[in-house]
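This briefing is for a reader new to the structure. Please look over the sequence and the model before going on to the notes.

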Amino acid sequence: MNAPVILKAAATPTAPALVLRPWCAEDVAALVEVYRDPELRRWTNSCMESEDDGLRWVRAQEQGWAAGDRFAFAVHETALDAAPPQLVGNVVIKEVASGKPSAEVGYWTAARARGRGVAPRALNTLTAWSFDAFQADGLERLELLHQVDNLASCRVAEKNAYQFDRILPSAPPSYPLDGHLHIRRAAA
């Protein structure tokens, strides 16, 4: 699957619709701006100090799509007026391979969009698409990992029926603390 995919999450009574689409160079400035948030930087491994860093990161996401093993989506919130959509997050399915029963999902939300249901809605959309797109190739379960102290990620996992499986030991420096592994299995 190398063709670009655009996914949508419908508006709710309290939140505008979301559009999930592959990252592109036009997203770089907004991406670098979002990464200025210290809370986001606390939970991610990516360094985004400049537009060059942002462009390298976007190109890596494009390479994942081309290779067919990593599918990252920029999450945009549609505006109710004529304003352009605003970058509010990222969702990704990674380590996808034909015949492999599991893949990993991840996400982050921009500071301005936290607490508004962006991550749960985007993850729900990605989860449904992932099983639709890859179950025939053997995908049986999605795995979601987060540090034990990332309570917001734990809530997002629970809202999307990703069941807690076990605690994973720390692996510094990339994973300085223990983590939670949540699993969602494909519907039978």
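Predicted model: local features only at pLDDT ≥ 70, side-chain atom pairs only at ≥ 80, totals over all residues.

Asp27 is found in the loop that runs between strand S2 (18-22) and helix H1 (28-34).

**Asp27 and its surroundings**
- Asp27 has a relative accessible area of 5%, so Asp27 counts as buried, the limit being under 20%.
- Leaving aside residues up to four places away in sequence, Asp27 touches Arg21, Pro22, Ala74 and His76.

**Positive phi values**
- Glu95 is a residue other than glycine with a positive phi, near 65 degrees.
- Glu95 sits in the loop between strand S4 (86-94) and strand S5 (102-109), and Glu95 is partly exposed at 44% relative accessibility.
- Ala161, also not a glycine, has a positive phi near 60 degrees.
- The loop between helix H5 (151-159) and S7 holds Ala161, which is partly exposed at 37% relative accessibility.

- The peptide bond from Pro172 to Pro173 is cis, with omega near 5 degrees.

**Nonpolar surface patch**
- Val148, Phe164, Ile167 and Leu177 make a nonpolar surface patch of about 330 Å².
- Leu177, one of the patch residues, is partly exposed, with a relative accessible area of 37%.

Conventions: Residues numbered from 1 in each chain as written. Heavy atoms only, no water. Patch = residues over 30% accessible without salt bridge, like charges linked within 9 Å, V, L, I, M, F, W, Y side chains within 5 Å. Areas by Shrake-Rupley, 256 points an atom, 1.4 Å probe, with all protein chains shown as cover. Salt bridge = Lys/Arg side-chain N within 4 Å of Asp/Glu carboxyl O. Buried < 20%, exposed > 50% of the residue type's maximum accessible area, 1.4 Å probe, protein only. Helix = DSSP H or I, 4+ residues; strand = E, 2+ residues; numbered from the N terminus. Contact = heavy atoms within 4.5 Å.
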